[in-house]
Amino acid sequence: MNKEFVGSLFKISGIIVALYLFLVGINGMSSSIKQMGSSVVESIFMATSNPIVALAIGVFSTVLFQSSSTTTSLIIGMVSSGALTLTGAVPMIMGANIGTTVTNTIVSVGHINRGNEFKRAFAASTIHDFFNVLAVLILFPLEMLFHGIQRSAEWLASLLFGKIHNIDVLQAKSPIKIAVKSGAKFIEQFSFDNNILYLILSVLLTFFMLYSLVKLLRSLVLEKIETFFDQYIFKTAIRALSFGVILTVMVQSSSITTSLVVPLAGAGVLTLRQIFPFTLGANIGTTVTALLAALTGTVSALIAAISHLLFNIAGISVIYGVPFLREIPIKCAMLISEKALKNKFVPV
């Protein structure tokens with residue numbers, strides 16, 4: 001058997017293992033942060049009816065949970081039980097989109113001492129932030145004035161609820177999610193029920209696997225991998241967006257999905273413009289968990305879940321659909337990555 005072929009096969013196997021452990025590390029980070037912050041989040045969720053404060057709570061709670069799916073599922077559960085109104089829920093859901101972008105920024109810091117590689121990785125991690133912030137800046141004031149998203153969601157929910165009420169909805173368990181969670185549980189055993197130690201172990205595993213992934217990707221002739229991504233997955237914006245949706249539905253976390261492309265950007269496999277629509281797809285994919293959770297709940301819970309989906313679709317339509325607005329997150333990400341390259345305190 002050809003030695004080069006065996007070597008390539010060995011490296012591909014290494015990439016698969018490193019990728020799995022990379023996902024385990026990210027899941028461990030999310031779980032440890034969630035365990036440290038869950039009690040705080042639950043106590044403040046009911047603290048306000050002010051939409052601006054509700055928006056801030058959505059950001060803060062998702063930073064703690066590191067999963068907008070988890071935050072919105074909790075919001076929907078509270079709406080379903082009557083503990084939270086729709087007026088308070090919609091701004092929180094908007095805030096959840098911003099908070100979910102912290103993980104991939106942490107992942108990009110793993111490249112911090114590698115010059116242009118860090119610049120590419122940091123730009124790839126922050127483009128999601130800038131899009132979500134811009135979407136909130138445009139849609140939040142409009143929603144507070146006209147309640148267009150809430151009213152559209154109410155109309156859709158009234159249309160759908162009669163058909164799905166009292167029907168058991170099967171929530172499919174993703175095999176990828178189960179495998180990753182099992183790996184994270186195994187790592188947790190070595191933390192001796194200490195969330196801080198669990199977080200440290202997860203961060204170390206994530207960064208080590210990140211380093212291994214970049215090394216293996218580089219050695220596997222980047223041109224071949226670039227051709228594969230260019231021709232098949234990231235050839236068009238629609239394909240990249242669709243891939244982002246599918247992958248996020250499979251792993252049920254936009255934090256994990258968007259973190260996956262950071263090492264690829266750092267290695268030079270993907271460009272910022274290719275990654276942008278992929279992150280938008282992740283925004284849509286992350287709404288599926290909450291939608292499934294809401295289908296067997298109340299009408300209000302379904303309205304809250306549909307609001308999350310409509311907010312993301314509206315944000316993509318307005319920002320990505322208008323060439324001038326589309327350039328803003330890209331230029332902001334490029335600018336901040338240049339600043340971060342000169343000053344290592346910028347990522348902090």
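This is a predicted model: local features need pLDDT of at least 70, side-chain atom pairs count only at pLDDT 80 or more; totals for chains, interfaces and linings use all residues.
## Nonpolar core

The largest nonpolar core holds 76 residues, and the members that touch the most others are Met94, Phe234 and Leu270. Setting aside residues up to four places away in sequence, Met94 touches Leu55, Val136, Leu139, Phe140, Glu143, Ile149 and Phe311. Met94 also takes part in the packing of H4 on H6, described next.

## Helices H4 and H6

Helix H4 covers residues 86-99 and helix H6 covers residues 116-146; their axes lie 9 Å apart at an angle of about 170°. Angles over 145 degrees count as roughly antiparallel, so H4 is roughly antiparallel to H6.

On the H4 side, the contact is made by Val90, Pro91, Met94, Asn97 and Ile98. These residues meet Asn132, Val133, Val136, Leu139, Phe140, Glu143 and Met144 of H6. By class, the contact of H4 with H6 comprises nine nonpolar residues, two polar and one charged.

## Helices H13 and H15

A second pair is formed by helix H13 (residues 272-285) and helix H15 (residues 299-319), which pack at about 160° with 9 Å between their axes. With that angle, H13 and H15 are therefore roughly antiparallel to each other. The crossing of H13 past H15 is left-handed.

H13 contributes Leu280, Asn283 and Ile284, which meet Leu309, Asn312 and Ile316 of H15. Four residues of this contact are nonpolar and two are polar, with no charged residues.

## Valine 261

Val261 belongs to helix H12, which spans residues 254-266. Its relative accessibility is 3%, so Val261 counts as buried; the cut-off for buried is under 20%.

Apart from neighbours within four places in sequence, Val261 is in contact with Phe234, Leu270, Ile275 and Phe278. Two of these contacts, Phe234 and Leu270, are named with Met94 as touching the most other members of the largest nonpolar core. Val261 and Ala121 are 140 residues apart along the chain, yet their C-alpha atoms are separated by 8.5 Å.

## Serine 80

Ser80 lies in helix H3, residues 68-81. Ser80 counts as partly exposed because its relative accessibility is 29%, and that class runs between the limits of 20% and 50%.

Conventions: Residues are numbered from 1 along each chain as its sequence is written. Side-chain values use heavy atoms; hydrogens and water are left out. A nonpolar core is a set of buried Ala, Val, Leu, Ile, Met, Phe, Trp, Tyr and Cys residues joined through side-chain atoms within 4.5 Å. Buried means under 20% relative accessible area, exposed over 50%, partly exposed in between (1.4 Å probe, protein chains only). Contact means heavy atoms within 4.5 Å. Helices (H or I, at least four residues) and strands (E, at least two) are DSSP runs, numbered from the N terminus. Axes are lines fitted to C-alpha atoms, for helices over the stretch in contact, and angles run from 0 to 180 degrees between N-to-C directions. Angles under 35 degrees count as roughly parallel, over 145 as roughly antiparallel, 65 to 115 as roughly perpendicular and the rest as oblique. A crossing is left-handed if the near helix is turned anticlockwise from the far one by less than a right angle, and right-handed if clockwise. Ala, Val, Leu, Ile, Met, Phe, Trp, Tyr, Cys and Pro count as nonpolar, Asp, Glu, Lys and Arg as charged, and the others, Gly among them, as polar.
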